[in-house]
Amino acid sequence: MPLRSTLILEMIFTSFVRKFCTITTIQLKTSLKAKLVQKMLSQNSEALNIFKQISVIPELKILETIFTSNGYELRMAGGAVRDIMCGIQPNDIDFASNATPDQMIRIMRDKDNIRLITTPSGERHGTVTARINDKHQFEITTLRIDKCTDGRHAEVVFVNDWKIDASRRDLTINSMFLDLNGILYDYFDGENDLKNKRIRFVGDTASRIREDYLRIFRYFRFHARFGSSQTHDLQTLSTIKSNCDGLQIISGERIWAEMKRILVIKNCENVIDVMFNNIQIGKHLGFKVNQRNANETQLSGDFSRDLSEFRKVLNNLMNGVNTGVMSGWEAYTLFAALIQDSDELLDVTKRLKLSNYEKECILYIIKNRETLLNEDMKALRSQLALTPKPNQNNLRKSIIECMKYCGLFSHISAISEWTIPEFPFTGHLIAGRVKKRTLIKDIINELKTFWAKTGFESTEEQLKEELERLLQSDRYKE
């Protein structure tokens, strides 16, 4: 057989194999029990009100017209639908469509009022972002299936079936679609799960987790927001626990990003308890083992956590919110309540890649949470004023976060609104008086301490007198 014919046959065979593998993958996905429920939003007055507000956005009308006039479908997807069904105004509105990225770009690229935002990675995964009238930005993603996953990334195949796309999503409450006529498309009973405060994975729990191990954190985050402490399914928790080792391949930055989103939820106490004491997730966050005997190792040990400090701090923060002192709290402030000491903080920082300031603030809280209640304002102000100027802003924020941690809300303004005084003395007044330049910094620090003890009221003349006294002392005599 001629070489050309052989090559053609090989190409045909390869194409057939690829198509067959893709079809097989899709068949496996769609074997999930899915029953489409279509219903008008008129049956949910809260959802209907939110939908009406969204549907009249002019830029949304423009987007809808472009897609429908070109024969493509466009539906709201994922979190936006979930929030609308709960009567919550969504922060972002994402869409799904049966148009491919190339088709989306073709129908929108020549529109004067639309700026397309694309990336090679986004297009590979089916996502195109359209900014309309330089006012509203919408992310549109092609219906797809995850053909190949490694627990972090996925290779996708574009499809033309809404049920197949719904089947690849993580949780039933995130698998619904809503078209712009107000019709809900619910394949996996997500609406009823929302009503019953039940958080379920779509299809097989283990399969969904192994596609992306970060879904473990997403389960707990959405449980804290939309679930009930009484509705954890024991089999689901068991499956999560048996797959937790997969978190080893997930970057610390991604894990910390999810943890932060959990820690700022008001109802996070239950899921933190389950995560640390049932799932023992601390092992994968850099926390130390609870060593009950000398032979217990980091691999086999108990990573459970006494949450008494966490509950106390969460209660303090909730009081601050409920009394109107603050609208919320920083995740790292509450996270500090889970960390025992500075050594453990180093391990956690190494695993989760905390920012320098996050580490700095948590360390300040750990070192001062037992003593801050007894500190007077003068001592805290002295601490702030005596800190090198480049570090004062971060220290001020750390003191304030520690006050929130301890529930000292009435003291916050005394630090947040205090103008740090300028030290009325410069090093050039010492130059030439001391031969060892290394002693100049020590003298300045002693002068600053003297200045702080006088309530920051000493004048330059008084500081000069103190300088003369110091230079006559044995330590600084030449």
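I started at Arg-218, which is partly exposed with a relative accessible area of 24%. The model is a predicted one, so I kept local features to pLDDT of at least 70 and side-chain atom pairs to pLDDT 80 or more, while totals for chains, interfaces and linings use all residues. I number residues from 1 along each chain as its sequence is written, and side-chain values use heavy atoms, with hydrogens and water left out.

Which residue forms a salt bridge with Arg-218? I found Asp-170, with the closest N and O atoms 2.6 Å apart. Asp-170 lies in the loop between α7 (162-167) and β9 (177-179) and Arg-218 in helix α10 (residues 215-226), so the pair ties together parts that are 48 residues apart in sequence. I noted that Asp-170 counts as buried, at 6% relative accessibility.

For the record, I took a salt bridge to be a side-chain nitrogen of Lys or Arg within 4 Å of a carboxyl oxygen of Asp or Glu. I took helices (H or I, at least four residues) and strands (E, at least two) as DSSP runs, numbered from the N terminus.

**Other salt bridges**

I counted 27 salt bridges by that rule. Next I looked up Glu-344 and Arg-305, whose side chains meet at 2.9 Å, N to O. This pair links distant parts of the chain, 39 residues apart: Glu-344 sits in helix α16 (residues 342-352), and Arg-305 in the loop between α13 (269-278) and α14 (308-322). Glu-344 is buried, with a relative accessible area of 0%, and Arg-305 counts as buried too, at 7%. I also wrote down one network, in which salt bridges that share partners join Arg-82, Asp-83 and Arg-225.

Is Asp-134 buried or exposed? I have it as exposed, with a relative accessible area of 56%. The side chain of Asp-134 meets that of Arg-131 in a salt bridge of 2.9 Å, N to O.

**The largest pocket**

Along with Asp-94, Glu-139 and Arg-169, they lie nearest the centre of the largest pocket, which is lined by 43 residues. Its volume is about 1,500 Å³.

My pocket rule: on a 1 Å grid over the protein atoms alone, a pocket is an open set of points where a 1.4 Å probe fits, with protein on both sides within 12 Å along at least five of seven lines, and lining residues have an atom within 4 Å of a point. Grid points are joined across faces, edges and corners, and the volume is the space filled by probe spheres set on the points.

Which helix gives the largest share of the lining? I found α10, with 5 residues. Among the elements that each supply at least two residues are α4 (79-85), β3 (94-97) and α12. I sorted the lining into 11 nonpolar, 12 polar and 20 charged residues. Here Ala, Val, Leu, Ile, Met, Phe, Trp, Tyr, Cys and Pro count as nonpolar, Asp, Glu, Lys and Arg as charged, and the others, Gly among them, as polar.

**Helix α14**

I checked the length of α14: at 1.5 Å a residue, its 15 residues should span 21 Å, and its end C-alpha atoms are 21 Å apart, which agrees. The expected span is 1.5 Å times one less than the number of residues. The buried residues of α14 include Phe-310, Leu-314 and Met-318. They pack against α12 (252-263), α13, α15 (331-335) and α19 (389-406), where contact means heavy atoms within 4.5 Å. Just after α14, I saw that Gly-324 takes a positive phi of about 80°.

Most residues other than glycine have a negative phi. I logged Asn-133 with a positive phi of about 55°; it lies in the loop between β5 (127-132) and β6 and counts as partly exposed at 37%. Lys-353 has a positive phi near 60°, sits in the loop between α16 and α17 (356-368) and is partly exposed at 46%.

**Last look**

Ser-398 is in helix α19 and counts as buried at 2%. Not counting residues up to four places away in sequence, Ser-398 touches Tyr-357, Glu-360, Cys-361 and Tyr-364. For the whole protein chain, I noted 22 helices and 10 strands, with 49% of the 478 residues buried.

How values were computed
Buried means under 20% relative accessible area, exposed over 50%, partly exposed in between (1.4 Å probe, protein chains only).
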